[in-house]
Amino acid sequence: MLIRKLFRTAWSYKAQFISMIIMITLGMGIFLGFNMEWYTIEYDTSKFFSDTNYADYRLYSTDGFTSDDLDKIQSIDGVKASTRYISVNLDIKDSENKSLALDVSENYTVSTFIVTDGEKYDENSDGFWLSDKFAAANHISVGDNLTLEFQGTEISGKIAGLIKSGEHMICVADNNQLMPDYNTFGYAYISPEKFKSVIREKAEKTYAETMKKLGVPEIIIEEKMKNLQYDEMLDKAYVQINLISDMEKETLEDAVKEKLGRTIMVTSKNEHLVYKEAMGEADEGKTMGSVLPVLFLAIAVLTMVTTMHRIAAKEKLQIGTLKALGFKNRRILRHYTSYGLFIGIVGTALGTVLGFIVCGAIMSEDGMMGTYFDMPDWTSVIPVFCYPVMAGTIVFLTLISFLSVHQQLKGTAADTLRPYTPKKMKKTLFERTKIWDKLHFGTKWNIRDLSRHKSRSAMTLFGIVGCMVLMVGGLGMRDTMAGFLELLDKDISNYSVKVNLVDNADTIKAKSLADELKGDWESLSGISLDGETVSLDIIHNPNALMNVIDENNARIALSDEGVYLCLRLKEKAQIGENISFSPYGSSKTYTVKVIGYNRSMMTESVTMSDTLADKLGIDYHITSVYTDKNIGDIPSLNIISGKQNQKQLMDTFNSFVSIMDSMVFILVIAAVILGIVVLYNLGIMSYVERSRELATLKVLGFRNKNIGRLLISQNIWLTVIGVIIGLPSGVGVLEWLLAALAGEYELKLMLGPMTYCVSVLLTFGVSLLVGMMVARKNRKIDMVEALKMSE
Amino acid sequence: MAIVKFDNVTKTYTTGEHEQKALDNVSFTLDEGKFVVILGPSGAGKSTLLNLLGGLDSPSAGTITVNGKDISKLTDNELADYRAETVGFVFQFYNLIPTLTVYENVELVSEISKNSLDAKKMIEEVGLSDHLHNFPSELSGGEQQRVSIARALAKNPQILLCDEPTGALDSETGVMILKLLLGMAKSYGKTIVIVTHNQSIAKMADIIIRVKNGKIRSVEEQDKPMSADEVEW
């Protein structure tokens with residue numbers, strides 16, 4: 001019988017029940033969704049990394065590694081697997097601006113791939129294994145021909161299979177590209193045998209050309225070529241060893257140095273773009289997941305406290321009747337406690353479904369991350385810590401019901417049967433002032449109502465502040481990101497084309513190319529600064545095509561007196577102090593003075609002018625040339641590995657911003673729904689509690705419009721206070737978020753006027769809408785019914 | 001002169017499939033300045049009658065004319081204006097606004113009534129000058145009802161409608177309230193209509209309308225109504 005009563009009571013309080021379920025669903029859904037997102041990234045990527053033997057460490061040597069070197073590395077205690085490796089960006093022949101990263105994993109034990117279509121990997125094959133996403137974007141199928149331009153020669157073959165590789169899970173040409181663009185850039189693997197033949201062909205070609213220039217007859221050249229040794233060239237080409245090991249980086253560095261007798265640049269997976277970005281995304285999600293969704297859940301649960309308490313108070317007579325009929329307290333408690341349990345279970349179950357939807361919208365092949373990560377499995381996973389939160393929420397909601405009813409059960413049946421008596425009114429200090437007397441009746445009425453129902457008012461305020469924080473946080477994040485990209489587009493990058501050079505490109509040739517293109521150039525290399533791997537950025541930018549900017553986004557004319565630290569390395573040294581660093585692959589240590597700080601968008605870097613680098617005697621290779629020439633005007637040289645349009649680069653950033661937009665959209669929509677539900681629920685509660693007063697006003701002759709204005713003005717007052725608190729709180733939360741994300745990007749808080757306007761207007765809009773919804777109910781108030789009962 | 005005219009008024013309430021006639025073809029007239037008591041047992045339809053007259057509800061059939069104007073056809077806003085200007089209510093359970101003080105509760109009507117009287121003066125007349133700044137919860141039942149009378153009269157209405165005004169009070173306080181109500185109604189020249197099941201109150205009326213089962217049983221005029229002190233309570 002009592003179960004029937006449960007459903008009927010739920011029906012009679014349907015607005016409250018539905019809104020409580022919606023709030024718990026929303027709170028739980030957003031909480032789970034956002035936390036599942038980062039956990040799913042960790043879970044799915046690590047499975048993919050493990051399936052494709054993703055390297056824990058990468059060893060780099062500009063002189064390359066011999067087979068002997070590999071054997072020595074493999075013999076290090078703690079190295080589980082290792083391979084000589086190369087990954088080089090090459091243009092596709094006869095294509096408009098399309099290029100591939102071509103990879104070779106010599107013994108195919110590390111940095112392998114999964115075949116999604118076509119032939120299995122064969123170490124003797126003559127074909128290519130091409131990224132399936134690149135193939136799809138460019139309508140390439142298994143069996144098609146592919147030709148790549150490789151330092152003056154060509155690499156041709158059929159597509160043997162389509163693949164996915166952990167090594168290229170985020171398929172970008174270099175650090176400056178934020179988002180993959182499979183139309184223009186992909187990756188492919190070839191077998192070591194094919195690579196060997198490519199090197200042989202290149203060696204023969206170079207030899208023949210040299211001999212011809214010297215006037216050696218062709219017959220002799222052909223004879224000599226039969227015995228041509230190209231092993232050294234092959235060794236030089238394998239500039240990388242990838243290995244799997246659980247060793248500490250420093251221990252491995254020492255072991256490598258001891259085995260090979262020279263310092264080798266060792267980078268851990270934490271420094272590899274793919275792993276770093278994937279974990280960065282997870283960390284970013286973790287940070288987001290730890291603030292905004294928690295706030296959501298907290299608002300939902302706290303509103304539930306107020307609502308449940310009010311329902312219990314309204315049910316006082318029923319509770320008294322059950323008690324008078326002879327029901328034991330325990331049974332009544334169990335009955336009413338089941339309300340919270342019911343809401344908790346239904347809300348949590350629906351919230352879990354919503355969580356999967358939210359997570360799926362972000363982390364799925366068709367979701368926002370689908371354009372960023374390229375991996376085979378997208379399984380949404382609930383983090384373990386969420387289960388106790390889910391259980392805890394149900395228990396907490398049940399407890400709220402229990403305590404609310406327990407309070408009503410105190411005393412005898414007769415006590416309980418007495419109607420709920422509101423607290424006695426007392427005048428506050430403000431009410432004793434003269435200003436108070438001058439206030440309009442409606443203002444007095446609303447102020448007293450707010451102070452009389454403190455918890456309800458506080459909850460409403462909390463809802464508005466929460467709504468505001470979510471909007472400012474979400475929209476502000478977008479502004480900041482957009483500002484960051486604008487900075488990159490307008491203040492830093494003035495070039496039209498970035499020309500990427502091959503590893504170890506000849507410096508004289510590179511400089512003459514830069515002169516020919518009237519361009520600036522940059523040399524990026526790894527250095528060790530206080531044991532950390534950071535970038536050394538040597539810049540020559542007299543044409544201001546690629547700028548270095550200071551904290552205030554103003555261009556720095558690079559001085560030759562010292563180096564600039566990026567803001568994230570600020571704590572390493574004060575201006576005027578010296579820092580010491582050593583380039584990887586070199587035993588030298590350089591000590592230089594810090595003369596300023598600069599804003600480096602992506603990499604943690606030490607920046608210096610080329611003049612200073614020359615003065616210090618640093619051995620560097622130019623990695624990129626920046627020019628404002630058209631892409632077609634750039635000559636094809638063997639030192640060039642690829643060309644990228646600045647616009648194309650910015651387009652990839654824009655797709656990154658569109659991911660951000662979707663997340664912000666989810667947050668803002670959720671904030672609006674939350675705002676509406678919280679305010680409507682509390683508004684209805686306030687309306688029901690004041691229905692007698694409202695009916696009295698109506699009887700006295702107040703028009704519906706006047707009473708509606710009273711109800712709406714209370715909401716507006718609370719919204720004004722909520723916005724005043726919510727705006728700085730939102731900025732604070734955003735600042736905290738940015739500080740937490742600083743490891744990945746150097747973001748400066750930017751809030752556009754639109755964000756302020758949209759947040760404030762939407763919050764007021766929500767408040768006004770809800771006020772009007774509640775005020776509409778007033779039209780239907782039954783004066784006779786409302787005034788019948790005694791207070 | 002007739003100020004109120006009920007002409008074949010019927011009020012039917014529908015709950016689900018069940019229809020109940022609270023008033024069935026009721027007709028009567030009331031003259032200005034009279035003290036009218038509507039008498040009847042619980043469920044007789046007397047409160048319905050008062051609510052219709054007060055513009056809280058509309059009849060299902062028939063017309064109600066007040067001051068020559070048919071109030072059964074008024075819009076929501078016109079009804080609100082009618083309640084603000086023409087009628088004043090005194091309820092059994094006072095219906096004061098708990099968050100406003102005594103003074104604010106009475107002064108409230110100046111927001112809507114064009115001819116409202118001075119709130120302080122009205123409070124003084126009901127003898128609550130010392131409680132101007134008290135909240136209703138700080139007053140006794142009788143005091144609260146006095147505030148309610150002050151509020152009803154402060155609007156300066158033509159007709160004062162009272163629904164069991166002494167129903168929640170002990171008899172001594174009840175008599176005092178009735179005396180006050182009648183005294184003030186007389187001095188301000190108001191028509192007063194009291195709904196009650198208390199036969200004793202009827203003895204004080206100029207006109208007694210007896211209601212039973214939604215019909216008017218009798219309309220009786222008393223030549224010599226008793227004063228509150230003469231009535232045996």
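**Reading helices, sheets and chains A and B**

Mentor: Let's start with two helices: α9(A) passes α16(A) in a left-handed crossing. A crossing is called left-handed if the near helix is turned anticlockwise from the far one by less than a right angle, and right-handed if clockwise. Before going on, bear in mind that this is a predicted model, where local features need pLDDT of at least 70 and side-chain atom pairs count only at pLDDT 80 or more, while totals for chains, interfaces and linings use all residues. Residues are numbered from 1 along each chain as its sequence is written, and chains are lettered from A and ligands numbered from 1 in the order in which they are written.

Trainee: At what angle do helix α9 and helix α16 of chain A pack?

Mentor: Helices (H or I, at least four residues) and strands (E, at least two) are DSSP runs, numbered from the N terminus. Axes are lines fitted to C-alpha atoms, for helices over the stretch in contact, and angles run from 0 to 180 degrees between N-to-C directions. Here α9 (residues 273-314) and α16 (residues 454-492) of chain A pack at about 165 degrees, their axes 10 Å apart. That makes α9(A) roughly antiparallel to α16(A) (under 35 degrees is roughly parallel, over 145 roughly antiparallel, 65 to 115 roughly perpendicular, and the rest oblique).

Trainee: Which residues of α9(A) and α16(A) meet?

Mentor: Contact is judged from C-beta atoms placed from the backbone, which must lie within 7 Å. Among those that meet are L292(A), L295(A) and I299(A) in α9(A), with M459(A), F462(A) and G463(A) among the partners in α16(A). By class this contact has 8 nonpolar, 6 polar and 1 charged residues (Ala, Val, Leu, Ile, Met, Phe, Trp, Tyr, Cys and Pro count as nonpolar, Asp, Glu, Lys and Arg as charged, and the others, Gly among them, as polar).

Trainee: How do helix α11 and helix α12 of chain A pack?

Mentor: Helix α11 (residues 329-362) and helix α12 (residues 386-409) of chain A pack at about 150 degrees, with axes 8 Å apart. That makes α11(A) roughly antiparallel to α12(A). The crossing of α11(A) past α12(A) is right-handed. Their contact divides into 14 nonpolar, 9 polar and no charged residues.

Trainee: At what angle do the axes of α3 and α8 of chain A cross?

Mentor: Roughly 135 degrees, for α3 (residues 67-74) and α8 (residues 249-260) of chain A, whose axes come within 10 Å. These two are therefore oblique to each other. D69(A), K72(A) and I73(A) of α3(A) make the contact with V256(A), K259(A) and L260(A) of α8(A), which splits into 3 nonpolar, no polar and 3 charged.

Trainee: On to strands: in what sense do β12 and β13 of chain A pair?

Mentor: Strands of a sheet pair through backbone hydrogen bonds, either parallel or antiparallel. DSSP must find at least two bridges between two strands for them to count as paired. Strand β12 (residues 520-529) and strand β13 (residues 532-540) of chain A are antiparallel over 9 bridges, with E522(A) opposite I539(A). Their hairpin has 2 residues between the strands, and D530(A) takes a positive phi near 50 degrees. β13(A) also runs parallel to β17 (residues 605-609) of chain A, joined by 5 bridges.

Trainee: In what order do the 6 strands of the open sheet in chain B stand?

Mentor: The order is β6-β7-β8-β3-β9-β10, with mixed pairing. β6 (87-90) and β10 (215-221) of chain B are at the edges with a single partner strand each, so one side of each has no neighbour in the sheet. Neighbouring strands are turned by 15 degrees against each other on average, direction ignored. Helix α1 (residues 46-53) of chain B packs on this sheet, touching β3, β7 (159-163), β8 (191-196) and β9 of chain B.

Trainee: Which 4 strands form the open antiparallel sheet of chain B?

Mentor: In order, β2-β1-β4-β5. Within chain B, 5 bridges join β1 (residues 2-15) to β4 (residues 61-66), and F6(B) has I64(B) as its bridge partner.

Trainee: How many residues of chain B are in contact with chain A?

Mentor: 26 residues of chain B are in contact with 23 of chain A. Helix α2 (residues 76-85) of chain B gives the most to chain B's side, with 6 residues. That side has 14 nonpolar, 6 polar and 6 charged residues.

Conventions: Contact = placed C-beta atoms within 7 Å.
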